[in-house]
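I opened my notebook to look up a few helices and strands. My entries follow the structure.

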Amino acid sequence: MNIVIVGASGYSGAELAKLISLHDSLNLMGMYVSENSLDKGKTLASLYPELNGVVEGALSPLTPEAFDSINQHADAVCLCTEHSVSVELAPQFLAMGKKVFDLSGGFRLSSNDDYETYYGFKHTSPELLEQAVYGLVEWQKDQIKNAQLVAVPGCYPTAALNALKPLKQAGLLTDDTVIINAVSGVTGAGRKAIVATHFCEVSLKPYGLFNHRHGPEIEKYLDHKVLFTPHLGNFKRGILETIYVKVKQGTTAKQIAESYQVLADEPLIRLLGDAIPSIKGVENTPFVDIGWQLQGDQLIVISAIDNLLKGASGQALQCINLTLGLPAHTDFQGVNHG
């Protein structure tokens, strides 16, 4: 499959370029940035020295000539762009007959009203929201295989949904609101330089109270009320979520463990039982680590992922693998599997 990446100079784009370059069945045929980007013409390795000798080629501007080249030669397009930019670009590439894997939030929610409320812009292609397949790999394999447009899940929802959907599916949750406290490294905010993510300014603190866009995303795909509070941590990468769940009275530890067996055969899910996951355990890996402890009817679930791999580029690669008819975890070369 010939693949191009739009927005390749960002953290997720660079990670995806590495994964595609190391994949036996994929050809990275183009890396693009906006026409006014300061990075155009530079090699990706000049921005990320660790990619020297791994990812070849320069960052090209997304000009009309670039669209023509993509139309002629590409099979699929990965959008590592701003949400509103993805919403404008995806219909153009779909009209060319290309598969589109969108790593932004441009197609994750249900309606234009959601986008105006949580993203602050009007969705110009609301008809595609029903067409888009949510790329939560462990739960959507069959739908992803034949999808033309895949909305790769957000990093926080990836950790939360894999931790909670087994409990929901097993009927163990009460109607109480699930409380999710989540902490992410600064790469989750993107590469653009702003004071709030400047190294000397970053401190552990919450943000987006009651109105963060990942709250409705989690609720939509869990079908359960959640209170989601993200925090920015003073480290580069990784997400740790501590999730507080009321389970039905009489629920046993054995029932909890049995509910998670639905994920037991997933190669990139590691079920730790009563051991406690950590960011160190998942950093630079494609895994989801899930642990839990029960006391009475109060369950605490801890979920950890690398926000740039399982939370973005790694999950996108899993989706691409599925559309090729390959196992989702195929060719995660160059990734430290711990």
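Entry one: a helix and its cover. I looked up what covers the buried residues of α1, and the list includes β1 (2-6), β2 (27-33), α2 (44-47), β4 (76-79) and α12 (309-323). Contact here means heavy atoms within 4.5 Å. Helices (H or I, at least four residues) and strands (E, at least two) are DSSP runs, numbered from the N terminus. I noted that α1 (residues 11-21) is mostly covered, with eight of its eleven residues buried. Buried means under 20% relative accessible area, exposed over 50%, partly exposed in between (1.4 Å probe, protein chains only). The buried ones are G13, A14, E15, L16, A17, K18, L19 and I20.

Entry two: the basis. This is a predicted model, where local features need pLDDT of at least 70, side-chain atom pairs count only at pLDDT 80 or more, and totals for chains, interfaces and linings use all residues. Residues are numbered from 1 along each chain as its sequence is written, and side-chain values use heavy atoms, leaving out hydrogens and water.

I traced an open sheet of seven strands in the order β9-β10-β8-β11-β14-β13-β12, with mixed pairing. Two strands pair if DSSP finds at least two bridges between them. β9 (205-206) and β12 (269-273) are the edge strands, each pairing on one side only.

Which strand pairs with β10 in the parallel sense? I found β8 (residues 178-184), joined to β10 (residues 226-232) over seven bridges. A182 stands opposite P230, and V183 opposite H231. β9 and β10 run antiparallel, with two bridges. K205 has L232 in β10 as its bridge partner. Six of the seven residues of β10 are buried.
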